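Please read them with the structure open.

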Amino acid sequence: MRPVDQPFPGLDGCRVIVTGGTKGIGAGIARGFLRSGARVLVCARHGPADGAALPAALPAAGGRTAQFTRADVRDPEQARQLVVTALDLFGGVDVVVSNAGGSPPAPAATASPRFHARIVELNLIAPLHVAQAANEVMQAQPDGGSIIMIGSVSGTRPSPGTAAYGAAKAGLHHLVTSLAIEWAPQVRLNTVVPGFVATESAAAHYGDEDGVAAAAATVPLRRMATPDDVADACLFLASPRAAYVSGTSLTLHGGGESPAFLRAGGS
């Protein structure tokens with residue numbers, strides 16, 4: 001097994017964009033690419049100018065750190081400018097990881113139409129904006145590029161309390177399967193589909209320490225994923241080792257969630 005602090009082969013010098021890359025899963029993905037010798041641009045709606053210490057949030061071997069630009073990728077012009085910024089910094093874009101997303105819990109019966117629209121916009125339409133801008137660049141590059149969308153198991157099974165989010169994540173995978181055909185052979189597109197992930201905001205989703213432990217206990221591997229686990233999946237999909245992988249999803253859920261009938265039967 002490759003230690004998470006070791007580089008993944010084939011990515012040295014790779015030019016990478018990670019949306020939502022200043023914390024949580026996105027920061028883990030950015031760290032993974034940095035350790036592997038990539039040049040990384042991360043974006044978020046808020047960043048160092050607002051008090052965040054980006055180098056401290058994204059340490060990597062050899063003292064490398066990510067570049068930061070502020071962008072709200074729900075805005076197509078800001079999504080395009082994100083890619084332009086990467087071009088200015090790196091001279092090209094080899095990999096885009098669309099990680100920005102999420103949703104607070106909200107009952108579907110009472111959530112406002114604007115709330116639902118904004119959740120779908122962030123989790124489905126924004127990745128499309130970024131992908132369109134990146135594809136224009138990648139199509140002109142001799143080696144094309146790789147676009148990776150971060151999905152969720154909420155898009156593969158019922159998602160009560162976050163119905164619009166689950167529907168958007170389901171649509172994200174379908175989007176990838178379509179674009180993988182439209183934009184081939186220059187651009188590969190894939191989805192990473194995490195289950196439970198232990199981040200600094202895990203308590204907001206699962207409750208206190210006992211709640212986090214109870215959620216982890218439902219996973220066959222008896223733990224939540226870490227941001228490094230998600231990063232490793234992205235590193236593989238971005239690398240030459242995945243040169244024939246496109247239009248698919250890599251599910252990262254530790255074996256899945258235990259079926260309800262097992263709990264009902266006392267198993």
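1. The lining of the second largest pocket divides by class into seven nonpolar, six polar and three charged residues. The space in this pocket comes to about 290 Å³. Its lining has 16 residues, and those closest to the centre are D94, D143, G145, R188 and A238. Please bear in mind here and below that this is a predicted model.

2. There is one cavity of 30 Å³ or more. The largest cavity holds about 40 Å³ of space. Its lining consists of S103, P104, A106, A108, F115, H116, I119, G161, T162, A163, A164 and Y165. Helices α4 (113-138) and α5 each contribute at least two of the lining residues. By class, eight residues of this lining are nonpolar and four are polar, with no charged residue.

3. Which residues does S152 contact beyond its neighbours within four places in sequence? They are Y165, K169, V193 and P194. One of these, Y165, is also in the lining of the largest cavity. S152 itself sits in the loop that runs between β5 (145-150) and α5 (163-182). The C-alpha atoms of S152 and K169 are 6.2 Å apart, although 17 residues separate the two along the chain. A polar atom of the S152 side chain lies 3.0 Å from the backbone nitrogen of S154. The relative accessible area of S152 is 10%, which is under 20%, so the residue counts as buried.

4. Is S36 buried or exposed? S36 is buried, with a relative accessible area of 5%. The residue is placed in the loop between α1 (24-35) and β2 (39-44). Leaving out residues up to four places away in sequence, S36 touches P7, F8, L11, D12, R64 and L235.

5. T191 belongs to strand β6, which covers residues 187-194. This residue is buried, and its relative accessible area is 1%. With residues up to four places away in sequence not counted, T191 touches M149, G151, H173, V176, T248, S249 and L250.

6. Two backbone features deserve a look. The peptide bond from A184 to P185 is cis, with omega near 0 degrees, and P185 is in the loop between α5 and β6. R222 is not a glycine, yet its phi is positive, at about 65 degrees. The loop that holds R222 runs between α7 (209-217) and α8 (227-238). Why does R222 count as exposed? Its relative accessible area is 57%, and the class applies because that value is over 50%.

7. Some totals for the protein as a whole follow. Its secondary structure amounts to nine helices and seven strands. Of the 267 residues, 48% are buried. Of the contacts between residues at least 6 apart in sequence, 74% join residues at least 24 apart. The protein exposes about 12,600 Å², and carbon and sulfur atoms supply 57% of that area.

Conventions: Residues are numbered from 1 along each chain as its sequence is written. This is a predicted model: local features need pLDDT of at least 70, side-chain atom pairs count only at pLDDT 80 or more; totals for chains, interfaces and linings use all residues. Side-chain values use heavy atoms; hydrogens and water are left out. Helices (H or I, at least four residues) and strands (E, at least two) are DSSP runs, numbered from the N terminus. Buried means under 20% relative accessible area, exposed over 50%, partly exposed in between (1.4 Å probe, protein chains only). Contact means heavy atoms within 4.5 Å. A polar contact is a pair of N or O atoms within 3.5 Å; within protein, one must be able to donate a hydrogen and the other to accept it, and residues adjacent in sequence count only if both atoms are side-chain atoms. On a 1 Å grid over the protein atoms alone, a cavity is a set of points where a 1.4 Å probe fits but cannot get out, and a pocket is an open set with protein on both sides within 12 Å along at least five of seven lines; lining residues have an atom within 4 Å of a point. Grid points are joined across faces, edges and corners, and a volume is the space filled by probe spheres set on the points. Ala, Val, Leu, Ile, Met, Phe, Trp, Tyr, Cys and Pro count as nonpolar, Asp, Glu, Lys and Arg as charged, and the others, Gly among them, as polar. Accessible areas come from the Shrake-Rupley method with a 1.4 Å probe; for residues, only the protein chains shown count as cover.
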